[in-house]
Amino acid sequence: MRYKIALGVARALRYLHEDAEQCVLHRDIKSANVLLDADFNTKISDFGIAKLVDPRLRTQKTRVVGTYGYLAPEYINQGRVSKESDMYGFGVVVLEIASGRKTYNHDVPLVNRVWKHYVEGNILNVADKDLKMDFDAVEMTCLLTVGLWCTLQDHKKRPKAEQVINVLKQEASLPNLFTDMRA
């Protein structure tokens, strides 16, 4: 179910970013804005701070709004909103889905915690303990890796929604993030 939810959110972002008549930047992609119906189909909600953007512009400068913990570093630091900043929020949501943890706990931010396990080669240790290891290891590895991919510090290296969909559908291979890691 978690895998299906992540794929549904990626499809919704592809629609907003690429398929809609005009590109829509949500600017507040977070778990609370992902709605599920009885069959666990996803809907993105709360478009109160969404922004229509000129498709010729890669980014737009704007005042920072949204929920900390889900906001991309370039958005927080420079006010630059883009498809990549929405993908950052999506990445955090995916990490929450896979780990069963909130983005900020009392200790280490979730993204940092998952990175640590990725580097150590034991990324499945971050999987939600409530699942009691009852999950498909390939799908869980994929979810966690996609979450990290979407939260790369360099926004230019973050994937587009279509790339994420292809990886989640296992039609494209997982990225090797070791070459893209933060310094």
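**Entry: Ser45**

I began with Ser45, which is buried at a relative accessible area of 16%. For my bookkeeping, buried means under 20% relative accessible area, exposed means over 50%, and partly exposed is in between, with a 1.4 Å probe and protein chains only. Since this is a predicted model, local features need pLDDT of at least 70 and side-chain atom pairs count only at pLDDT 80 or more, while totals for chains, interfaces and linings use all residues. I also kept in mind that residues are numbered from 1 along each chain as its sequence is written, and that side-chain values use heavy atoms, with hydrogens and water left out.

Ser45 sits in the loop between β3 and β4. Helices here are DSSP runs of H or I with at least four residues, strands are runs of E with at least two, and both are numbered from the N terminus. I then listed the contacts of Ser45, taking a contact as heavy atoms within 4.5 Å. Apart from neighbours within four places in sequence, Ser45 touches His26, Ala32, Asn33 and Leu35.

**Entry: Asp46**

Next I looked at Asp46, in the loop between β3 (42-44) and β4 (51-53). Is Asp46 buried, exposed or partly exposed? Its relative accessibility is 44%, so I noted Asp46 as partly exposed. Beyond neighbours within four places in sequence, Asp46 is in contact with His26 and Asn33. I also checked a distance: Asp46 and Leu13 are 33 residues apart along the chain, and their C-alpha atoms are separated by 14 Å.

I moved on to helix α4, residues 110-120, where Leu110, Val111, Val114, Trp115, His117 and Tyr118 are buried. These residues lie on the same side of α4, because they cover an arc of only 165° around the axis. The arc is that of the directions from the helix axis to the C-beta atoms. I jotted down the helix rule beside this: an α-helix has 3.6 residues a turn, so residues three or four places apart point the same way.

What do the buried residues of α4 pack against? I found α3 (83-99) and α5 (137-150). Just after α4, Gly121 takes a positive phi of about 80°.

In the loop between α4 and α5, I stopped at Lys132. Lys132 is not a glycine, yet its phi is positive, about 50°. Lys132 is exposed, with a relative accessible area of 69%. Met133 belongs to the loop between α4 and α5 too, and I read a positive phi of about 65° for Met133, again not a glycine. The relative accessible area of Met133 is 60%, so I marked Met133 as exposed.

**Entry: helix α6**

Then I went to Ala161, found in helix α6 (residues 161-168). Ala161 counts as buried, at 4% relative accessibility. Which residues is Ala161 in contact with, leaving aside its neighbours within four places in sequence? My list reads Ala10, Leu13, Arg14 and Met87.

Across α6, the buried residues are Ala161, Val164, Ile165, Val167 and Leu168. They share one side of α6, because their arc around the axis is only 165°. The cover over the buried residues of α6 includes α1 (2-19), α3 and α5. After α6 comes Gln170, with a positive phi near 60°.

**Entry: the chain overall**

To finish, I stepped back to the protein chain, which has six helices and six strands. Along the sequence I read the pattern α-β-β-β-β-β-α-β-α-α-α-α.

I compared the radius of gyration with the globule rule, which is 2.2 Å times the number of residues to the power 0.38, taking the radius over C-alpha atoms. A compact globule of 183 residues would come near 16 Å, and the protein chain has 15 Å, which agrees. The C-alpha trace spans about 45 × 40 × 35 Å along its principal axes.

Buried residues are 48% of the 183 in the protein chain. Of contacts between residues at least 6 apart in sequence, 59% join residues at least 24 apart.
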